[in-house]
Amino acid sequence: MLQDQVLITDLKGVVADMVSEKEAGDSIEKLNGILSPGFINAHCHLELSHLKGHIPKHTGLIDFILKVVNERHLAYRQAGFDEAEIWVAIETAENVMLQNGIVAVGDICNNTLTIPQKNKGRLHYHNFIESGGFIPAFAKDRFEKSMLILNEYRTMANDQPIGSFRRSTINPHAPYSVSPEMFAMINDLPNNNLLTIHNQETDAENEFFEKGTGDFLRLYQQMGIDISFFKPTGKTSLQNWLPHFTKGQSIILVHNVSTSANDLLFEKLQTSNYKLQSFFCLCPNANLYISNTLPDVEMLMQHTENIVLGTDSLASNHELNIMAEIKILQQHFREIDLVTFLKWATSNGARALNMDTMLGSFEKGKQPGLVLIEGVNGLNVTTNTLAKRIL
């Protein structure tokens, strides 16, 4: 963190230089706080913004999934709402992200509802088109439907200005919702190099793959999914799904609440053997909202520097605000300082989304956005800490 330095940009925020105060001359705008590059929200579900406040807290993951699946559209149709109201919720959520200093988003997409808002070009997006289907016989049909959505998003990207990130890939939803056959299709899809997956969000996920028991059986039963074909492997969830990827992809693992040190050792070996690159995304407010648990962040830091931050959706969070994620992390992990959190929120996030040629740091020629962080105590955030985008 640099002091007594002056950042020089043009009117669009493109960095021209960073010089000492003595070299900068007289026309200096002084700000009270910390100046940061714009934040990267590495995991979001913008299309679920209309579910804000609709799903109660602390349901646990299984009941949360059931409520999202059953109510993501039903609840608003019953109340007399239509797609126009969903679009308003999406626009409102994007406005909040802009105000809170977010400049780029890794956004999960199961439909095309966010395209009209993204076409305005206000934020950079990587669209993670989600594909799911645990029954092997359905894999081809589900994958083809995901390809249709992917093509819609890629068509959108053709009209974007140079320098705008509008990239899209097909991704597995979660280990418990994707068959080996679908994993193979995702792995083999050409130019599908940046992936994300919901990973080990609950202990029950590991129990299902290791023993074939636990709360996930209730999920399949209530969704009418016959899993009689499934055989537990005695391995954790991560150790089951990661070997499906062999093409040197970059993968963002989201949540990691029940990830162990042994899993991280396995991940390190697997990524080395297949030239993969892994990033671990923390969404602490969503974890607390759904199951009132957090990942072992200190253990994670012992094994990797590739940690990034996300907000998840307004179905599982009160706001799409990276500083709110930093605040809750510092509340629970007081030994981690703001410098580390900001690295996760900026340069690491930009690398994870393959946007670091333009975003994530104050380097000449980049246009990373400018965020002013106020109300800090040394290198620690406080209850009064705020972040706002100024350019």
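Q: Why is P175 called buried?
A: Buried means a relative accessible area under 20%, exposed means over 50%, and partly exposed is what falls in between, with a 1.4 Å probe and the protein chains only. P175 has a relative accessible area of 3%, and therefore it is buried. The structure is a predicted model, in which local features need pLDDT of at least 70, side-chain atom pairs count only at pLDDT 80 or more, and totals for chains, interfaces and linings use all residues. Residues are numbered from 1 along each chain as its sequence is written, and side-chain values use heavy atoms, with hydrogens and water left out.

Q: Which residues are in contact with P175, leaving aside its neighbours within four places in sequence?
A: Contact means heavy atoms within 4.5 Å. On that basis P175 is in contact with F134, F183, I197, H198, E205, F209, S237 and W241. P175 itself lies in the loop between β7 (166-172) and α7 (180-188). Helices (H or I, at least four residues) and strands (E, at least two) are DSSP runs, numbered from the N terminus.

Q: What makes H198 buried?
A: The relative accessibility of H198 is 7%, so H198 counts as buried. This residue belongs to strand β8 (residues 194-199).

Q: How do you know that the side chains of H198 and H45 form a polar contact?
A: A polar contact is a pair of N or O atoms within 3.5 Å; within protein, one must be able to donate a hydrogen and the other to accept it, and residues adjacent in sequence count only if both atoms are side-chain atoms. The side chains of H198 and H45 are joined at 3.3 Å. The side chain of H198 also reaches the backbone oxygen of H173 at 2.8 Å. Leaving aside neighbours within four places in sequence, the residues in contact with H198 include H43, E130, P175, E205 and H255.

Q: Which residues of helix α8 are buried, and what do they pack against?
A: In α8 (residues 203-211), the buried residues are A204, E205, N206, F208 and F209. They pack against β8, α9 (216-222) and α10 (237-241). After α8 comes G212, with a positive phi near 75 degrees.

Q: Why is N191 called exposed?
A: The relative accessible area of N191 is 64%, and therefore N191 is exposed. N191 is found in the loop between α7 and β8.

Q: What is the phi of N191?
A: N191 is not a glycine, yet its phi is positive, about 60 degrees. Most residues other than glycine have a negative phi.

Q: What makes K275 exposed?
A: K275 has 71% relative accessibility, so it counts as exposed. It is located in the loop between α11 (261-274) and β10 (277-282).

Q: What share of the residues in the protein is buried?
A: Of the 391 residues, 52% are buried. The protein contains 15 helices and 13 strands.
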